[in-house]
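Here is a short briefing on one structure. Look at the chain and its ligand, then read the points below.

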Amino acid sequence: MPVARRVPIARAIANLCGMPTPNWPAPVAPGPVDATVALPGSKSMTNRALILAALAAEPTRVVRPLRSRDTLLMTQALRDLGVRVDEEGDDWLIAPGGPRPLGSVRVDVGLAGTVMRFLPPVAALVDGEVTVDGDPRARERPMRPIIDALRALGAEIDDAGRGSLPFTVRGRGALAGGAVTIDASGSSQLVSGLLLAAPRFAKGVEVRHEGPPVPSAPHLEMTVRMLREAGASVETGDDVWRVAPGPLRGGESVIEPDLSNAAQFLGAALVTGGRVTVPGWPSDTTQPGDALRGLLARMGADVSTGPEGLTVRGPGPVLGLDADLRDVGELTPVIAALAALATTPSRLTGIAHLRGHETDRLAALAREINALGGDVRELPDGLEIRPRPLHGGLFRTYDDHRMVMAAAVLGLAVEGVEIEDVATVGKTLPDFTGLWTRMLGV
Ligand SMILES: O=C(O)C1=C[C@@H](OP(=O)(O)O)[C@@H](O)[C@H](O)C1
Ligand SMILES: C=C(OP(=O)(O)O)C(=O)O
């Protein structure tokens, strides 16, 4: 029986017996892929749009948002703060006027960086007590700089001295705001979170970064652009961002397809010598996934854009890559998987902050690719990957959606790759296995 057919039957039996979901056998590509893959909305844009809408003075329609664990956690968290979020067809409608006065509530951020960093500044505007917590791993992700910054801006936060989740924000219905200096080298989201809520701080905010470089520059541009589109006045300089106080507009916030989630599908074209088109690729975007055009071209792909979208073809061997991925860190797991299948070595640097992501991604990628026979060496801020023939085996995923995506890319070319807890991919792409098997025609 073909590998892909076994999966639903095994899962159905396991579900019926109350057993844990079995590992997912990653399908080997039956030949060069030839597919068009329409992708759901961007996680990063959806969660920014929701925060801005919650703080706006007018109703907002978020058009074609992503529905996944991270964005559903955000809608629930905002509802917990008294914000009204309604479904209308594919869209979400957010009513103005929130957050509202509360007694005390608990908010679950799961493992979502965007929720754990974007929500607390909104909680500081609430008249009430908001306890913020998440998955066990969420308690290890960097939070201290934003807790300290919110305190410096006037918030009362009880974190029992931990500097991490869980903590309680005791809001008084308003926040003074003002100037603050933070070290955001651990995550750009620490800056984005402060900026997104700042139009509602009495004095707005000036955030200055001091420390090693801030990662994920495009995500900061996304924050600034979406704030400006919502009517905020934002000034930027070298490692400094200023947001003036003022009302936010509502209206329509149209969510682009998630370009970071295109990585594995476009990568499949390269690995199999086929063709994949992603429709609706924006011509002007702040999404870091847009960098895939250049990165995949350097790895040997033929990349073109047209009215049908972005098309990647794999005309020859996969080439290794020497690249600083600091700006586009979330692309690393899939790029590392492609590098493990390449014909020449790769060196990926500038990504020390990935050790604070869903899991320590540098350690996890090295361990799991090496468990399949690979040759990956951890650097303090990256990975060195030398191609070696791989074999099948279990690929553990550590609650990390992008580890699932990386494993699926390896499985295209390596017989017998079993992906642990494939459902964890639902953090940003719940229909991943459906999209993947349809792309492959298996
Ligand atoms: O602001 C955002 O939407 C994001 C910023 C980045 O975080 P880091 O700067 O912590 O890498 C990125 O990795 C994450 O997936 C989404
Ligand atoms: C790092 C990521 O997520 P988060 O928003 O939880 O930081 C990611 O999606 O790769």
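How many residues surround ligand 1, and which are the closest? This is a predicted model, and 13 residues surround the ligand in it. The closest are Ser44, Ser187, Ser188, Ser216 and His219.

**Around the ligand**
- Two elements give two or more residues to the shell around ligand 1: helix H4 (113-123) and helix H6 (189-197).
- By class, the shell has 11 polar residues, one nonpolar residue and one charged residue.

- The protein chain divides into domain 1 (3-40 + 257-440) and domain 2 (43-254).
- The centres of domain 1 and domain 2, taken over C-alpha atoms, are 29 Å apart.
- How many residues of each domain are in contact with the other? On the domain 1 side there are 18, and on the domain 2 side there are 22.
- The side of domain 1 that touches domain 2 has eight polar, six charged and four nonpolar residues.

**Confidence**
- The protein chain has a mean pLDDT of 95. In this chain, 95% of residues reach 70 or more.
- Residues 1-20 have pLDDT under 50 throughout. The model has 18 contacts beyond four places in sequence for residues 1-20.
- Where pLDDT is low, the predicted coordinates should not be read in detail.
- For the complex, the predictor gives an ipTM of 0.99 and a pTM of 0.96.

Key: Residues are numbered from 1 along each chain as its sequence is written. Chains are lettered from A and ligands numbered from 1 in the order in which they are written. This is a predicted model: local features need pLDDT of at least 70, side-chain atom pairs count only at pLDDT 80 or more; totals for chains, interfaces and linings use all residues. A residue is near a molecule or strand if its C-beta atom, placed from the backbone, lies within 6 Å of it. Helices (H or I, at least four residues) and strands (E, at least two) are DSSP runs, numbered from the N terminus. Ala, Val, Leu, Ile, Met, Phe, Trp, Tyr, Cys and Pro count as nonpolar, Asp, Glu, Lys and Arg as charged, and the others, Gly among them, as polar. Domain bounds come from an automatic or database domain assignment. Two residues are in contact if their C-beta atoms, placed from the backbone, lie within 7 Å. pLDDT is the predictor's confidence in each residue, from 0 to 100.
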